[in-house]
Amino acid sequence: DATRVASYNPWTALYWLVSGRTVGGMQMYEASARLDRETALMLWTQGSAWFSSEQGKKGQIKVGQLADMAVLSKDFFSVPEEEIKGIESVLTVVDGNVVYAAGTFTAEAPPSIPVLPDWSPVVKVPGHYRSAPPQAASRVGMMPSVHHCSGPCGVHSHQHDVARGANVPVSEDTAFWGALGCSCFAF
């Protein structure tokens, strides 16, 4: 449940494990409670294989294991910490078949499949994280990297920019962080 980063997007969770911050940049954990990049990635790959009882079948790049792979938009081990959450696959291969392709590899992309269930927030909010353009961030006084829906939330319809700067206590049931608080990773 990783403080609202349990997502289908591993880069959000890996960013949280390494930085101890939310996608909006709020520091949640001190250095002693964070992982180095290699350990975080090992837990996400080998750890996931252990969790599904598939050690020896997947989770490592070695002979005899599945050869699924992803070509990434940036190098996880060398990008600045803030850029981890924006990493994306530009080519994903599963069981020898291209299952996703973008950018330079777009011509290799298979046909899109429908999002299920059709009420999923992914239908309204494509992708997961986008950095705001630097001029847009400085124009509205935000941090350079913010949640990709810096305007109205496509899921809950509240204004993230207003909510981000508000000082509203969580005890107010009608407040942004109140009883019906946002779970769209704005912070």
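Biologist: Leaving aside its neighbours within four places in sequence, which residues is L14 in contact with?

Modeller: Contact means heavy atoms within 4.5 Å. By that rule, and with neighbours within four places in sequence set aside, L14 touches A40, L41, W44, F76 and I84. Please keep in mind that this is a predicted model, where local features need pLDDT of at least 70 and side-chain atom pairs count only at pLDDT 80 or more, while totals for chains, interfaces and linings use all residues. Residues are numbered from 1 along each chain as its sequence is written, and side-chain values use heavy atoms, with hydrogens and water left out.

Biologist: Which residues make up the largest nonpolar core?

Modeller: Nonpolar side chains tend to be buried together in soluble globular proteins. A nonpolar core here is a set of buried Ala, Val, Leu, Ile, Met, Phe, Trp, Tyr and Cys residues joined through side-chain atoms within 4.5 Å. The largest one has nine residues in all: W11, L14, Y15, V18, A40, F76, V79, I84 and I87. Helix 1 gives the most to this core, with four residues.

Biologist: How many residues of helix 1 are buried?

Modeller: Buried means under 20% relative accessible area, exposed over 50%, and partly exposed in between (1.4 Å probe, protein chains only). Helix 1, residues 10–19, is mostly covered, with eight of its ten residues buried. Those are W11, T12, A13, L14, Y15, W16, V18 and S19. Their cover includes helix 2 (37–51) and strand 1. Just after helix 1 comes G20, with a positive phi of about 75 degrees.

Biologist: What does the secondary structure of the protein come to?

Modeller: Helices (H or I, at least four residues) and strands (E, at least two) are DSSP runs, numbered from the N terminus. Here there are five helices and three strands, running α-α-β-β-β-α-α-α from the N terminus on.

Biologist: Let me try a lysine. Is K85 buried or exposed?

Modeller: K85 counts as buried, because its relative accessibility is 1%. You will find K85 in the loop between strand 1 (69–72) and strand 2 (89–94).

Biologist: And what does the side chain of K85 make a polar contact with?

Modeller: A polar contact is a pair of N or O atoms within 3.5 Å; within protein, one must be able to donate a hydrogen and the other to accept it, and residues adjacent in sequence count only if both atoms are side-chain atoms. For K85, the partner is the side chain of E82, at 2.8 Å.

Biologist: How does Y100 count?

Modeller: Y100 counts as partly exposed, because its relative accessibility is 40%. Its place is in strand 3, residues 97–101.
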